[in-house]
Amino acid sequence: MSNEATLHGHPEVQTVHEVHHDEHGVHHHKETFITKYVFSQDHKMISKQFLITGMIWAIIGGLMSVLFRLQLGYPDAHFQFLEDILGSKWAKGGQIQPEFYYALVTMHGTILVFFVLTGGLSGTFANFLIPLQIGARDMASPFLNMLSYWFFLGASVVMLSSLFIATGPASGGWTSYPPLSALGDASEGSKTGMDLWIISMAMFVISSLLGGLNYISTVLNMRTKGMSMTRMPLTIWALLFTAVLGVLSFPVLLSGFILLLFDRHAGTSFYLSDIFLTETNKALPNEGGSAILYQHLFWFLGHPEVYIIILPAMGLVSEVMSVNARKPIFGYMAMVGSLFAIAILAFLVWAHHMFVTGLNPFLGSIFVLLTLLIAVPSAIKVFNWLTTLWRGNIRFTPAMLFAIGFVSTFISGGLTGIFLGNSTLDIQLHDTMFVIAHFHIVMGVSGILGMFAGIYHWFPKMYGRYMNNTLSYIHFWVTLVGAYLIFWPMHYEGLAGMPRRYFDYSQWLSFNQFGGLNRFISTVAMITFAVQLLFVFNFFYSIFKGRRVMTRNPWGATTLEWTAPIRPGHGNWPGDIPEVHRWPYDYAKDGRDFIPQTEPLGPNESAH
Amino acid sequence: MSTFFLLLILLFGFLITFQIAKASEYVGVIRGEKKNFEQHNRINGFLMIVFLVLGLIGVYWCNELFKGRILGESASKHGEEIDKMLYITIAITGVVFVITQVLLFWFAYKYQYSEKRKAHYFPHDNRLEVIWTVVPAIALTVLVGFGLFYWFRITGDAPQDALQIEVTGKQFGWIFRYPGHDQVFGKKYYQNISDKDNNQLGLIWDDAAAHDDVVVNNEMYCVVNRPVKLIIGSRDVIHDVGLAYFRQKMDAVPGTPTTLWFTPKFTTEEMKKKLNNPDFVYEISCDQMCGKGHYTMRGVITVVTNEEYHLWLAKQKPNYAMVMQDKAPAAPAAPAAGPVADSTKTTAKN
């Protein structure tokens with residue numbers, strides 16, 4: 001919008017205006033195609049690698065949901081093309097087979113939760129924004145950062161390969177509860193597919209740890225002069241807490257997986273006890289294990305995981321919303337405090353996934369209390385976002401639309417969390433479609449809307465070009481409306497007790513009344529998925545053909561990344577790194593549209 | 001063929017949308033960026049309010065459409081409490097939902113960009129922030145209070161006179177066991193399980209208490225207005241006893257028994273009349289992913305009057321008797337096999 005930012009920047013910064021700035025980078029080194037695009041140690045390139053890998057996964061994972069929605073919506077139909085593509089084992093006569101259906105839902109969950117909304121979201125924006133917004137040349141360890149991506153890719157390759165083996169990929173649900181996941185005789189997917197799943201997830205955990213440690217040390221140690229912790233944009237705060245959550249909880253998940261691997265192959269009995277398999281007509285020798293132990297280990301990560309997904313989205317949304325409302329984010333300290341509170345509480349609520357496992361009811365009651373407590377910081381955030389909009393001067397850029405959509409779905413999904421967190425209601429709602437509706441809205445849809453907000457907002461910084469606005473608007477409105485049409489009615493199915501993960505409801509007297517609704521949901525899901533492809537097209541087309549960005553600060557934002565050249569080289573700023581003199585939310589202050597962080601306080605000006 | 005056409009139509013749709021989008025960008029450049037931006041902003045601002053209004057109407061309409069299908073009145077006394085809790089929660093969250101969504105989209109519409117408007121510098125306000133920390137905290141305390149009150153009532157000990165039934169899940173079906181006349185479940189050990197020898201649960205025949213235990217598959221009988229306590233286990237992987245009409249649910253975990261109890265309010269016959277559905281039965285659904293047949297793991301609970309229950313039970317043959325009957329021709333060879341009829345004496349088998 002305005003070029004004002006650069007006017008107040010450092011003199012040596014604004015003199016540079018070429019498109020290619022590599023020569024001006026402080027880390028002057030020769031770059032070949034391999035070091036620039038493949039084994040890159042530049043945080044910006046790594047972030048793009050994460051983003052594009054995540055997008056590919058999102059398309060695969062989304063396509064899977066279209067396939068199993070086809071089954072749920074049209075359980076009696078024959079789609080010949082499915083047999084042509086998938087073969088007669090998985091889609092006999094054009095009908096998806098139960099084993100394949102369960103493999104699809106399992107992979108859909110794993111892919112979307114870990115590969116898209118953790119790897120794709122955190123990986124992209126932590127890498128891209130942390131150095132640029134705190135004023136660092138790169139991550140604390142660019143090499144570990146590169147490894148983090150390559151472990152992620154390795155995990156992706158292993159997971160992808162599991163789709164092509166004869167017994168099929170893991171199919172015990174994305175949570176992979178043993179004994180089902182431990183015993184190949186109990187389920188086809190628990191044979192080689194499960195081993196590959198565990199190996200892939202182990203590599204994913206390593207990737208996540210390497211990334212996380214890097215993010216934390218970069219934020220703590222490498223902030224530019226004047227960038228105190230309380231002058232960091234909320235994106236950075238959110239990404240910092242996310243990284244802390246990941247570093248503390250992923251190892252527990254890994255330990256759970258290793259025990260599972262032992263149970264599978266080393267004859268141990270961590271999770272196994274008293275098992276007789278109908279399939280083989282044999283009783284297993286294992287005694288004394290506890291299947292519930294795995295659930296504790298899993299959810300000790302599993303619950304922080306949902307905050308690992310949603311915190312970065314919250315950070316991105318806070319930033320985008322403030323920039324486009326042309327107003328400071330309301331209650332900066334409360335926003336940081338609530339992020340902190342959420343991060344702490346995230347570790348204390350895991351057993352609310354286990355109210356009906358036979359957990360001691362008293363223990364359950366403690367988890368009810370702690371779970372509902374987490375609604376307080378969430379409510380603070382929502383009200384602060386609403387107040388940020390109040391009396392703003394709102395520009396509906398595509399990013400802003402997605403940010404508003406995020407707040408809407410976060411409210412809707414957050415409120416249904418109050419149902420599920422209350423153990424009394426959880427008895428009726430646990431493992432029903434209500435849960436599906438809840439976590440898809442609050443984690444899936446909100447997470448992805450936040451990610452879209454981030455992509456649309458920082459696309460000009462990433463590629464030096466704009467995305468097409470009209471396509472973006474279509475993308476937004478169809479996605480938001482589609483998401484509500486898909487998931488809102490699902491709550492009613494859940495209230496009726498309709499269980500999740502059912503291949504076919506038609507033989508159930510209690511649940512077959514929703515056949516028409518399921519068809520409707522499936523149809524909307526397909527349309528919504530098709531529109532996501534429009535986004536993918538817009539994204540790749542705009543990288544090469546989008547309108548060029550002509551000013552450094554197209555959104556009129558205060559933060560540091562917009563003081564860097566339009567296409568920054570490795571090292572981000574030619575010459576010195578800019579110094580910071582104020583918090584990042586001086587919009588509409590003292591009659592000025594915005595004041596960049598690099599501008600010193602005026603003689604009569606008070607800090608916020 | 002139709003698939004092919006569908007894909008073709010989709011592709012054309014894409015192309016057309018893309019061409020329009022590209023054209024509109026050119027138009028924007030010709031018309032001037034500012035004017036273009038203002039027009040887009042007005043359209044999106046308007047859509048915000050349209051979305052809000054249509055959305056709220058949609059929510060209301062959806063509610064009207066489906067409220068009759070969420071299983072109606074609970075068929076157990078615990079379920080009444082769960083339903084009450086549900087309505088309290090819907091009321092509180094419903095109010096919050098409407099207020100926050102209206103504010104969100106209304107603010108977005110009202111404070112959309114205008115050349116004349118200046119954004120208001122409003123970085124924080126401690127009073128406001130305290131209000132919206134304290135008010136949700138109070139609302140949640142109320143919800144936690146109600147929730148835990150009901151939770152402890154539901155998960156508390158079953159009454160002494162409760163009917164005890166053991167439920168065991170397997171891939172993919174349910175096995176029920178009644179303790180028989182002695183009201184004691186005989187001992188069992190999973191290594192003894194043998195479908196071939198008709199010992200699905202691995203009962204130990206050395207234990208006399210097991211001799212009168214009745215084992216049935218897939219259909220369970222219980223008595224109206226008499227508390228029933230289910231002792232739940234699994235033979236293989238984790239299952240879950242889901243009783244939608246009774247608003248109950250509990251995992252079946254191999255190696256770790258769990259329990260739940262409830263009091264049925266209506267017999268199956270009464271429910272048939274009440275719902276005007278002659279096919280009605282109380283279904284047990286497996287609610288925990290247990291393998292490829294998960295969705296077929298259906299059980300039935302038949303709630304009957306006390307007399308009907310005892311009639312039914314009297315007709316059931318104990319598992320032990322059935323096993324011995326099967327074995328009878330070969331039995332004389334077994335060295336220590338006692339007389340079949342004498343179920344009080346410990347008999348050693350194998």
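This is a predicted model: local features need pLDDT of at least 70, side-chain atom pairs count only at pLDDT 80 or more; totals for chains, interfaces and linings use all residues.
Local features are given where pLDDT is at least 70, side-chain atom pairs count only at pLDDT 80 or more, and totals for chains, interfaces and linings use all residues. Residues are numbered from 1 along each chain as its sequence is written, and chains are lettered from A in the order in which they are written.

I start with the annotations. UniProt positions are in the numbering used here, feature names are shortened, and annotations may be inferred rather than shown by experiment. Helices (H or I, at least four residues) and strands (E, at least two) are DSSP runs, numbered from the N terminus.

For chain B, the unreviewed entry places "domain: Cytochrome oxidase subunit II transmembrane region profile" at residues 63–158. Here the figures are 71% helix and 0% strand, with 36 Å between the end C-alpha atoms.

Next, the interface. How many residues of chain A are in contact with chain B? The count is 104 residues of chain A against 98 of chain B, where contact means C-beta atoms, placed from the backbone, within 7 Å. Helix 17 of chain A (residues 469–495) gives the largest share of the chain A side, eleven residues. By class, that side has 63 nonpolar, 30 polar and eleven charged residues. Ala, Val, Leu, Ile, Met, Phe, Trp, Tyr, Cys and Pro count as nonpolar, Asp, Glu, Lys and Arg as charged, and the others, Gly among them, as polar.

Chain B itself is divided into domain 1 (21–112 + 125–155) and domain 2 (163–333), with bounds from an automatic or database domain assignment. Their C-alpha centres lie 43 Å apart. Eight residues of domain 1 of chain B are in contact with twelve of domain 2 of chain B. The domain 1 side of that contact has three nonpolar, four polar and one charged residues.

Last, one residue. L70(A) sits in helix 4 of chain A (residues 43–73). Is L70(A) buried or partly exposed? L70(A) counts as partly exposed because it has 19 C-beta neighbours inside 10 Å; buried takes 20 or more other C-beta atoms within 10 Å, exposed 12 or fewer, and partly exposed is in between, with C-beta atoms placed from the backbone. Beyond four places in sequence, L70(A) is in contact with F79(A) and S522(A).

Methods:
Two residues are in contact if their C-beta atoms, placed from the backbone, lie within 7 Å.
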